Amino acid sequence: CWLIDGFGVIRRKGLLFLFAALSLTHPVLAEQSYFIMQRAEIGVGYLYTALALAGSFSWLREKKWYWCGLAALFSVLAFATYQSFVPMYMAGALGCYLLYCHGISDGKACLRAALWLAAEFAASLFLYLVLQRVLCGPSGYLDSMVAWGTLPFRTCVKQILVHLWRLVSGQ
């Protein structure tokens with residue numbers, strides 16, 4: 001909400017409350033928070049994601065490099081907390097980017113911002129994957145879920161469909 005309010009696009013403060021309420025009651029958050037053992041991790045992951053986005057967009061506004069470092073640090077922490085925070089960060093960055101460019105008429109400035117955000121995301125994801133590999137070693141969970149590039153395309157699609165069938169049928 002702080003980011004959205006900072007862009008000055010939304011004039012009604014009630015919309016910020018509505019955004020926060022929708023975010024907090026989203027089924028994914030509610031489902032993950034239902035599991036007592038995950039509750040703290042999920043909450044901290046949301047905090048890391050919010051701090052990463054705040055750092056990214058503070059850097060865009062102020063051009064101070066410590067914001068870039070903080071954004072990368074909190075992005076890596078968010079991605080390491082729970083992998084679902086990767087697409088959440090991407091969605092948050094896209095939404096904030098659109099709000100950021102809403103008030104800018106210079107297309108080159110918006111393109112530079114998009115390229116910087118993409119580079120920051122790629123660097124953070126790369127750093128996370130390297131740290132995960134170095135600190136935890138290879139993981140069957142990450143390395144062999146679908147196995148693109150190591151198995152034939154047909155086998156990969158079949159594994160996805162089998163997994164979806166098991167999910168739907170409750171197996």
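A contact, in this tour, means that heavy atoms lie within 4.5 Å. The model is predicted, so that local features need pLDDT of at least 70 and side-chain atom pairs count only at pLDDT 80 or more, while totals for chains, interfaces and linings use all residues. Residues are numbered from 1 along each chain as its sequence is written, and side-chain values use heavy atoms, with hydrogens and water left out.

**The whole chain**

Begin with the chain in a cartoon view. The chain has 9 helices and 0 strands; helices (H or I, at least four residues) and strands (E, at least two) are DSSP runs, numbered from the N terminus. Of the 171 residues, 30% are buried. Buried means under 20% relative accessible area, exposed means over 50%, and partly exposed lies in between, with a 1.4 Å probe and protein chains only. Among the contacts with a separation of 6 or more, 58% are between residues 24 or more positions apart.

**The nonpolar core**

Next, select Phe57, Leu60, Phe79, Tyr89 and Tyr97. These residues have the most contacts inside the largest nonpolar core, which has 25 residues. A nonpolar core is a set of buried Ala, Val, Leu, Ile, Met, Phe, Trp, Tyr and Cys residues joined through side-chain atoms within 4.5 Å. Helices H4 (39-62), H5 (65-81), H6 (85-102) and H7 (107-136) each supply at least two residues of this core, and H6 provides the largest share, 8 residues.

Now centre the view on Tyr97. Leaving aside residues up to four places away in sequence, Tyr97 touches Phe57, Cys110, Leu111, Ala113, Ala114 and Leu117.

Select H5. This helix has 17 residues and reaches 24 Å from its first C-alpha to its last, close to the 24 Å expected at 1.5 Å a residue; the expected span is 1.5 Å times one less than the number of residues. Its buried residues include Cys68, Ala71, Phe74 and Phe79, and the buried residues of H5 pack against H4, H6 and H7.

Move on to H7, whose 30 residues reach 43 Å from first C-alpha to last, close to the 44 Å expected at 1.5 Å a residue. Among its buried residues are Trp116, Glu120, Phe121, Tyr128 and Gln132. At the start of H7, select Asp106 and Lys108: a side-chain oxygen of Asp106 comes to within 3.2 Å of the backbone nitrogen of Lys108.

**Thr49**

Select Thr49, which lies in helix H4. Is Thr49 buried or exposed? Thr49 has a relative accessible area of 4% and is therefore buried. A polar atom of its side chain is 2.8 Å from the backbone oxygen of Gly45. Not counting residues up to four places away in sequence, Thr49 touches Ala78, Phe85, Met88 and Tyr89.

**Aromatic rings**

Finally, display the aromatic side chains. The structure holds 9 aromatic pairs. One of them joins Trp59 and Trp65, a tilted pair with 5.2 Å centre to centre and 55° between the planes. Rings of Phe, Tyr and Trp (its six-membered ring) pair if their centres lie within 6.5 Å; planes under 30 degrees apart count as stacked, over 60 as edge-to-face and the rest as tilted. Trp59 is buried, at 8% relative accessible area, whereas Trp65 counts as exposed, at 60%. To close, select Phe79, Tyr89, Phe121 and Tyr128, which form one aromatic cluster.

How values were computed
A polar contact is a pair of N or O atoms within 3.5 Å; within protein, one must be able to donate a hydrogen and the other to accept it, and residues adjacent in sequence count only if both atoms are side-chain atoms.
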